[in-house]
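Reader: I'm new to this one. Could you walk me through it?

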Amino acid sequence: MKTRVAYFGVFTALALIFSYVESLIPINFGIPGIKLGLANLIIVIALYKMNIKEAYVLSVVRVVLAGFIFGNLFSIVYSLAGGLLSLTVMTLLKKSNKFSLFGISMAGGVFHNVGQLIVAMVVLESLNIAYYMPVLLISGLITGFVIGIVAGEMLKRLQNLRI
Amino acid sequence: MKLKKMDLILILVVVALAIGGMLIYRGFGAKEAGTVIVEVDGEAFGEYSLDENHEILINDTNVLIIENGQANMYEANCPDQICVKHKPISKNGETIVCLPNKVVVTITEAEKSELDAVID
């Protein structure tokens, strides 16, 4: 039990650091909403190393903390919608046992973007921004794939980690 | 780690959806672009023609400039400045969104004038 709490703290700290590193990368594609989603790497790892409940708690804790430190109330709402939808889809795909880490991570990236866009539509009461959907689908696929590669390498080296 | 069959299906489905979505927008768009519609918090704020130059002050929070057939968010008082960094828009269906101020700027097709020309 003690080690569980310690590991949870380490995972939270890692997710926050990745959020920070991400905020330092000054990439601007001219289209809002596209970013690598480094913090999702930790969520993917947690999905494989922790139980589902802990993964959800980690996801919420990291979004709220990162939001207060690097963002604002708006970014918390958007990230929360994206993060929870993404984690739910990833959990379901993992349970089905028909997807590899890549597929799960890519679905996570795609649905992270979809969740945020849906909230944006609700907040703005506008369907016009569905215009972004194709771009966000493809970018989620690519970033999810990259995260999948890195997560695969990390999990290989974390084989002995038992939480 | 190898890709499984379902992974490839997932990729294909997402790519197909994205291409489909783009084609739908191309279908609606690509015609003569014309009107800039500004919405604030889901309610119409104003409509402006792309052909004329405007400088629009939106609720003291955003400044939209229409110039050379393009609409560009020139200034905003929000912290993230995402809408300001957004490239100028001109094509039908293109959108600039300022989330913190709930401002949505959209380009829509120009309404065809019922008259071909007016002669004095």
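Author: Helices here are DSSP runs (H or I, at least four residues), numbered from the N terminus. This is a predicted model, where local features need pLDDT of at least 70, side-chain atom pairs count only at 80 or more, and totals for chains, interfaces and linings use all residues. Residues are numbered from 1 along each chain as its sequence is written, chains are lettered from A and ligands numbered from 1 in the order written, and side-chain values use heavy atoms, without hydrogens and water.

Reader: What covers the buried residues of H2(A)?

Author: The cover comes from chain A helices. Buried residues of H2(A) include Leu38(A), Ile42(A) and Lys49(A). What covers the buried residues includes H1 (2-24), H3, H4, H5 (101-124) and H6 (133-157).

Reader: Which element gives the most to the lining of the largest cavity?

Author: Helices H2 (38-49), H3 (52-70) and H4 (73-96) of chain A each give two or more residues to that lining. Lining residues have an atom within 4 Å of a cavity point, and a cavity is a set of points on a 1 Å grid over the protein atoms alone where a 1.4 Å probe fits but cannot get out. With three residues, the top contributor is H4(A).

Reader: What volume does the largest cavity have?

Author: The count comes to one cavity of 30 Å³ or more. Among its lining residues are Asn40(A), Arg62(A) and Met90(A). The volume, the space filled by probe spheres set on the points, is about 40 Å³.

Conventions:
1 Å grid on protein atoms, 1.4 Å probe; cavity = no way out; pocket = protein on both sides within 12 Å on 5 of 7 lines; lining within 4 Å. Buried < 20%, exposed > 50% of the residue type's maximum accessible area, 1.4 Å probe, protein only. Contact = heavy atoms within 4.5 Å.
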